[in-house]
Amino acid sequence: MSDRSKIREILIRNQDTWVCSSVFLREHFIKDYAQRISEIRTEKVNGFSIDIQGKTCDIHNHKQHMYKLSIIAPNYERTTLF
Ligand SMILES: [Zn+2]
């Protein structure tokens, strides 16, 4: 599995939850996670667009980033929910 697929899978598994980049770095030894994430940002999940937010990690005492993937459902799908 490529580094990009690994990161993508981790972010999708933790959908709408912040994932610290130390997971990619320390558990999977992916140093260029930021580049891979910018590639994943342009992809789709099951045909849906995705949004990946980033911010400075606020759960550890370090200056790394954390990322959160959200799947953007099309409008018609949202309106049928209510
Ligand atoms: Zn962290």
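This is a predicted model: local features need pLDDT of at least 70, side-chain atom pairs count only at pLDDT 80 or more; totals for chains, interfaces and linings use all residues.
Residues are numbered from 1 along each chain as its sequence is written.

**View 1. The whole chain and its elements.** There are four helices and four strands in the chain, where helices (H or I, at least four residues) and strands (E, at least two) are DSSP runs numbered from the N terminus. From the N terminus on, these elements follow the order α-β-α-α-β-β-β-α. The C-alpha trace spans about 40 × 30 × 15 Å along its principal axes. Of the 82 residues, 13% count as buried; a residue is buried if 20 or more other C-beta atoms, placed from the backbone, lie within 10 Å of its own, exposed if 12 or fewer, and partly exposed in between.

View 2. In α1, which covers residues 3-13, Ile 7, Arg 8 and Leu 11 are buried. These residues cover an arc of only 100 degrees around the axis (taken from the directions from the helix axis to the C-beta atoms), which puts them on the same side of α1. An α-helix has 3.6 residues a turn, so residues three or four places apart point the same way. The buried residues of α1 pack against β1 (19-20), α2 (22-27), α3 (33-40), β3 (48-56) and β4 (65-72), with two residues being in contact if their C-beta atoms, placed from the backbone, lie within 7 Å.

**View 3. The open sheet.** Four strands form an open sheet in the order β1-β4-β3-β2, with antiparallel pairing; two strands pair if DSSP finds at least two bridges between them. Because β1 and β2 (44-45) stand at the edges, each with a single partner strand, one side of each is left without a neighbour in the sheet. The antiparallel strands β3 and β4 are joined by eight bridges, and Ile 52 stands opposite Leu 69 in β4. Helix α1 packs on the sheet, where it touches β1, β2, β3 and β4, and its direction makes about 70 degrees with that of β4; axes are lines fitted to C-alpha atoms, for helices over the stretch in contact, and angles run from 0 to 180 degrees between N-to-C directions.

**View 4. The crossing of α1 and α3.** The axes of these two helices come within 9 Å and cross at roughly 70 degrees. That makes α1 roughly perpendicular to α3, a term for angles of 65 to 115 degrees. Here Asp 3, Arg 4, Ile 7 and Arg 8 in α1 meet Tyr 33, Arg 36, Ile 37, Glu 39 and Ile 40 in α3.

**View 5. The loop residue Thr 17.** Thr 17 lies in the loop between α1 and β1 and is exposed, with 12 other C-beta atoms within 10 Å. The C-alpha atoms of Thr 17 and Lys 68 are separated by 5.5 Å, although these residues are 51 apart along the chain.

Notes
Angles under 35 degrees count as roughly parallel, over 145 as roughly antiparallel, 65 to 115 as roughly perpendicular and the rest as oblique.
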